[in-house]
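Please look over the sequence and the model shown here before reading on.

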Amino acid sequence: MKNKLSHLAIPYVIWMALFVVAPIIMVVIYAFSSADGGFTLANFSKIGTYAVVFGRSFKLALIATAICLLIGYPVSYMMSKEGPRFQRIAMVLIMLPMWMNFLLRTYSWMSILENNGLLNQLFQKIGLISLYNSIFGTNIEYFHMINTAGAVVLGMVYNYLPFMILPIYSVIVKLDNSLIEAARDLGANSLNVFRRVILPLSLPGVLSGITMVFVPSVSTFAISKMLGGGTEILLGDLIEQQFLGGAYNPQVGAAISLVMMVIVVICMAVMNRFGEGEEQAVML
Amino acid sequence: MKRNNTFMSRLFTVLVFLFLYAPIFVLIIFSFNAGSSNTVWRGFSLDWYRELFSDRIVMRSVYTTLLVSLLATVISTFAGTFAAIGFYAMRRRKRHLLTTVNNIPMMNADIVTGVAMCLFFVAFFTLWSSFAAWFNGIQSFFELPTRLTLGFGTLLIAHITFNIPYVILSVSPKLRQMDKNLVDAAMDLGCTWMQAFWKVILPEIKPGIVSGALTAFTMSIDDFIISYFTAGSSSSTLAMTIYGMTKKRVTPEINAISTILFCTVLLLLVITNVREIRQEQLAARRKALPTATAAEAARYDSRPSKGFSSRFPKFIAAAAVITLVLCTGVVASRNASKPVVNVCSWGEYIDESLIEQFEEETGIMVNYQTAESNEALYSLLKSGAGDYDVIVPSDYMISQLIEEGMLEELNYDNIPNYALISDRFKGLSYDPDNKYTVPYTWGTVGIIYNATMVDEPITSWEVMFSDEYAGNVLMFRNSRDAMATALLHLGYSVNTTDEGELREAFRLLRDAKERGVYQSFVMDEIYSKLEGGNAAIGAYYAGDYLAMLENNPDLAFVIPEEGSNWFVDAMCVLKDAPHKEEAEAWINFIASTEANLANMDYIWYASPNEEALESYPDYYEECYEEELDPEIYEIMAASQETLDRCELYVSLPAEIRSLYNDLWTELGI
């Protein structure tokens with residue numbers, strides 16, 4: 001009977017072969033071919049020039065992931081300590097923005113961070129800018145916020161924070177409370193309870209949160225275009241530019257995608273080693 | 001101490017929520033703004049909602065989004081559930097392998113998934129067209145379509161593909177938690193395996209299926225990147241439309257969409273949760289009062305009260321989504337059966353009432369798309385993502401497209417208005433024999449600056465590279481124009497093929513970028529940046545300057561002393577375009593004097609139609625009851641004297657083009 005049930009997966013296995021495996025093989029083929037179709041390694045030789053972009057993307061994505069973790073973990077932890085009604089409302093509030101497209105939310109940040117944007121208008125009104133000018137003897141009319149690396153990181157944190165909170169929360173909320181009580185009874189103080197019991201047990205959630213924030217951050221192109229203004233281009237921008245943007249060269253684009261994919265897979269594999277193969281990316 | 005701690009942690013949570021919601025509230029508030037700015041409040045109005053509902057492109061993309069999300073959710077929930085059961089029943093090693101493959105779309109960056117699928121589809125289409133040609137050749141019973149393009153079908157396949165893993169992910173744990181003996185017991189008691197599935201397995205894993213479906217729907221709605229690479233040009237999701245809008249002059253229609261979306265989702269979630277809370281109260285009461293009616297008890301028992309699962313709200317939610325799809329579908333597809341023409345032009349480049357007028361006169365529906373730059377248009381055409389009939393490229397791109405055999409020769413018998421085009425714009429270098437093109441507009445490139453933000457009038461390209469206004473300068477986001485500014489400043493021809501000169505120009509740009517001269521690289525975003533006083537200087541096109549001047553009178557325009565570029569944008573039809581006749585009707589309509597006058601008045605680019613160009617000052621006077629400033633007319637329709645200082649781009653040889661691409665990518669770094 002078990003064998004018969006396993007036939008249920010056959011359509012999907014065919015589907016995967018067609019639409020998951022075959023497209024990736026296409027990327028590999030493109031990465032190793034020249035514009036007229038012959039085999040070449042030249043596409044990879046250009047990647048050296050893009051090392052800066054790789055460095056920048058991974059740096060910004062790591063910073064964004066770290067900030068998400070620093071904000072997301074405490075929030076998840078505190079949420080799990082509240083009453084059930086609060087928890088439910090909080091969950092809804094975290095999920096709600098995801099139903100509006102992330103481009104809308106990012107677009108809103110543009111008008112907030114502009115030189116004449118809402119934040120600078122606010123600073124002007126409350127006199128922060130003149131205060132700054134009188135302290136530092138400068139003569140600025142606004143704080144330069146948009147089109148900086150900081151703005152890009154902000155966009156990443158803002159958009160992907162729910163992806164950090166949700167998995168961590170769903171692990172913490174299921175923690176067996178008796179373990180914590182037992183640790184207390186055995187004389188552990190709050191810090192030790194957290195460090196020795198809660199943190200290790202919530203690690204699977206943390207790991208899947210990190211994956212879910214890091215991967216989209218490292219490969220984004222809309223956020224960097226909108227909040228970075230093209231001055232801080234990331235891997236995503238580079239790839240997009242080679243396919244649908246201003247420098248058509250799909251072979252190089254495929255090579256960059258391939259290298260990025262390999263690096264991300266290695267990172268994730270190394271990280272998941274710590275998680276003892278716990279591959280449950282819990283979300284809802 | 002303890003209390004203080006709780007307070008601090010609550011404060012922290014509240015701040016985080018404030019951070020999450022502040023931008024959303026900004027969007028909502030400014031959707032009621034009377035002005036078109038997103039930073040300056042000009043009073044309350046509902047105009048943007050009215051415009052939104054009459055905007056066919058937006059309504060259609062909402063429909064596409066909802067339809068594709070709904071279909072993808074339903075299909076992937078079915079497929080994913082079966083697949084999860086299948087995986088569960090497999091031997092361990094095989095299961096492990098398949099689970100790994102299944103995880104690929106989740107672990108992979110969206111952009112890689114999108115690009116991979118785009119390449120795959122296009123490769124498949126190429127294979128298909130040779131197969132179909134062969135097949136149609138050997139038999140004549142039925143004809144296979146030879147020309148497949150990216151569209152709704154590929155979009156749906158892509159969404160299903162990235163949704164299924166999420167369904168499997170939420171169903172699998174439920175299967176593992178299930179008591180294995182249950183199925184065996186059912187079979188021992190005489191169930192067929194089909195019955196065992198329906199009566200035993202399905203009820204056990206139902207919560208997993210529901211949360212899987214919900215995740216899938218959320219992912220579909222939120223997706224932009226994968227859709228961007230797989231939807232082609234004929235169907236676009238809301239996210240793609242929004243992305244297109246952010247690259248143009250943004251209208252608060254975006255805010256209105258956000259507000260509607262937000263309120264709809266909020267309402268749905270509130271309904272769901274109120275029901276759940278009620279049930280919990282009911283359950284509590286039932287516990288407290290053991291005498292509660294049996295009916296009430298039964299009602300409670302039939303519903304698990306955990307998570308997002310209770311039957312009634314789910315029903316409401318599903319019904320609401322389906323109704324929404326149907327409603328937008330009706331709005332969007334009013335004209336689905338009429339002939340169409342797919343036009344791809346630039347942003348802010350047409351008086352949109354012309355589209356409606358054309359549709360009324362001819363009954364042909366216009367699917368009007370925009371591309372960002374000539375180079376981006378070329379990528380769209382080459383990658384197969386752009387499936388258009390009419391395009392409006394500039395001079396140098398036209399000759400490149402002709403050279404690569406990508407344009408169709410026009411039948412000028414269908415375009416009588418071609419006779420109205422001035423001889424000055426016929427037989428130019430890009431189309432010497434007048435076989436492929438009908439000019440759309442022409443104009444010059446120059447520097448636009450905010451007179452209140454600079455110390456003295458700008459006269460030279462120098463400002464684009466000097467530190468004087470560092471951080472306040474906007475540079476072109478396309479290789480040809482950006483390089484041209486540098487080449488002109490260095491005193492070289494914009495058409496140079498000398499690698500040394502090009503590299504020198506590139507270094508000039510790169511050094512300026514590294515010193516922080518450029519605030520950003522822009523195309524039509526320049527509108528909001530310059531109009532809002534967010535930047536002082538930008539290089540752009542004369543017509544756009546005049547359009548900006550209407551909103552910010554402090555702006556000034558100059559064609560620098562080193563000279564500049566002048567351009568002609570012309571309408572062409574793509575090779576094997578499926579709607580060639582409709583395309584020629586469109587071209588003819590646009591070439592008419594009335595359309596040219598309306599366009600000139602709206603976009604401020606000069607018309608190649610002799611009569612329209614000459615009579616524009618009178619037309620202006622008639623419309624606005626004041627004389628057209630001759631200076632403005634000169635900026636719009638530059639005199640021959642000015643044009644003599646400017647150079648037309650010509651198409652560059654392939655190796656120089658690839659050098660441009662490399663340098664451009666390197667500049668981005």
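## A buried asparagine

When neighbours within four places in sequence are left aside, A:Asn249 is in contact with A:Gln242 and B:Asn661; contact here requires C-beta atoms, placed from the backbone, to lie within 7 Å. The model is predicted, and local features need pLDDT of at least 70, side-chain atom pairs count only at pLDDT 80 or more, and totals for chains, interfaces and linings use all residues. Residues are numbered from 1 along each chain as its sequence is written, while chains are lettered from A and ligands numbered from 1 in the order in which they are written.

A:Asn249 belongs to the loop between helix H13 (235-243) and helix H14 (250-274) of chain A. Helices (H or I, at least four residues) and strands (E, at least two) are DSSP runs, numbered from the N terminus. Because 22 other C-beta atoms lie within 10 Å, A:Asn249 is buried. A residue is termed buried if 20 or more other C-beta atoms lie within 10 Å of its own, exposed if 12 or fewer, and partly exposed in between. Between A:Asn249 and A:Ala35 the C-alpha to C-alpha distance is 8.1 Å, although they are 214 residues apart in sequence.

## The contact between the chains

Chain A contributes 92 residues to the contact and chain B contributes 94 residues. On the side of chain A that touches chain B, helix H2 (residues 10-31) of chain A supplies the largest share, 13 residues.

## Strand E1 of chain B

Strand E1 (residues 340-346) of chain B is largely enclosed by the rest of the structure, because six of its seven residues are buried. The table lists its pairings; two strands pair if DSSP finds at least two bridges between them.

| Strands | Sense | Bridges |
|---|---|---|
| E1(B) and E2(B) (residues 365-371) | parallel | seven bridges |
| E1(B) and E3(B) (residues 390-391) | parallel | two bridges |

B:Cys344 has B:Gln369 as its bridge partner in E2(B). B:Val343 stands opposite B:Val390 in E3(B).

## The nonpolar core

The largest nonpolar core has 270 residues, and those with the most contacts inside it are A:Val27, B:Val115, B:Val390 and B:Trp586. Such a core is a set of buried Ala, Val, Leu, Ile, Met, Phe, Trp, Tyr and Cys residues joined through C-beta atoms within 7 Å. Helix H9 (residues 149-172) of chain A gives the most to this core, 17 residues. Not counting residues up to four places away in sequence, B:Val115 touches residues including A:Val27, A:Ile239 and B:Phe229.

How values were computed:
Two residues are in contact if their C-beta atoms, placed from the backbone, lie within 7 Å.
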